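Notebook open, structure loaded. I want to look up strand pairing and helix packing here.

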Amino acid sequence: MAHIRWEGTIDAAHFIPGHPKCGRLHGHTYGIVIEIEGPIPPEHPFYLIDYGKIKGIVDMLDHVLLLPEQHAAIKLTTLGWENADKSMHFIKAQWPDGEVTLRRNAAFVLPLPETSTECLVEWLAHVFHEGIKNDRGIDAYVYVELSETAKTKAFASCGQRPLPFLLPPVGPQS
């Protein structure tokens with residue numbers, strides 16, 4: 001059984017329509033902790049998950065506007081025309097208190113009703129749990145911690161947590 005931990009940060013913007021303070025477009029430097037525990041697959045005996053894959057998923061959320069696809073009050077529209085690098089694609093988000101249009105690569109649309117920390121952390125735990133299951137063929141335990149500020153954190157987990165390790169005694173044995 002292996003237990004790994006990855007820590008990092010992302011800078012992202014979001015808004016929560018109808019909230020008195022968070023309804024305005026604003027951003028955070030989110031702190032992220034991801035812990036994964038599970039068996040190392042015998043057909044891939046070197047690691048539980050490649051840290052590069054963790055970073056790749058987290059990087060998709062870095063320096064973008066986070067948009068919830070399933071929010072009833074937010075209308076998302078893709079604008080632009082086809083070209084090879086999609087650099088001329090734009091996304092327009094409209095909600096009762098405002099709207100914003102930006103290049104499509106400056107936004108990340110999430111299959112969520114909100115972009116609150118609680119929704120984001122649950123989504124991340126699910127993405128990593130399913131990703132490891134599909135990529136490595138194991139049902140690992142995934143724990144994710146997401147903080148908006150130094151004083152506020154949300155937590156989520158997916159999968160069955162294995163029994164704790166039984167560590168051998170430390171020091172001289174009689």
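I start with the rule for pairing: two strands pair if DSSP finds at least two bridges between them. Helices (H or I, at least four residues) and strands (E, at least two) are DSSP runs, numbered from the N terminus. I note that this is a predicted model, where local features need pLDDT of at least 70, side-chain atom pairs count only at pLDDT 80 or more, and totals for chains, interfaces and linings use all residues. Residues are numbered from 1 along each chain as its sequence is written, and side-chain values use heavy atoms, with hydrogens and water left out.

**Entry: strand 3**

Strand 1 (residues 2-14) pairs with strand 3 in the parallel sense, over two bridges. There I found Ala13 bridged to Leu65 of strand 3. Strand 7 (residues 107-110) also runs parallel to strand 3, joined by four bridges. In that pairing Leu66 sits opposite Phe108 of strand 7.

**Entry: helix 1 and helix 2**

How do the axes of helix 1 (residues 51-59) and helix 2 (residues 117-136) cross? I get roughly 140°, with the axes coming within 12 Å; axes are lines fitted to C-alpha atoms over the stretch in contact, and angles run from 0 to 180 degrees between N-to-C directions. The crossing is right-handed. In contact (heavy atoms within 4.5 Å) I list Lys53, Ile54, Ile57 and Val58 of helix 1 with Val127, Phe128 and Asp135 of helix 2.

How values were computed:
Left-handed = near helix turned anticlockwise from the far one by under 90°.
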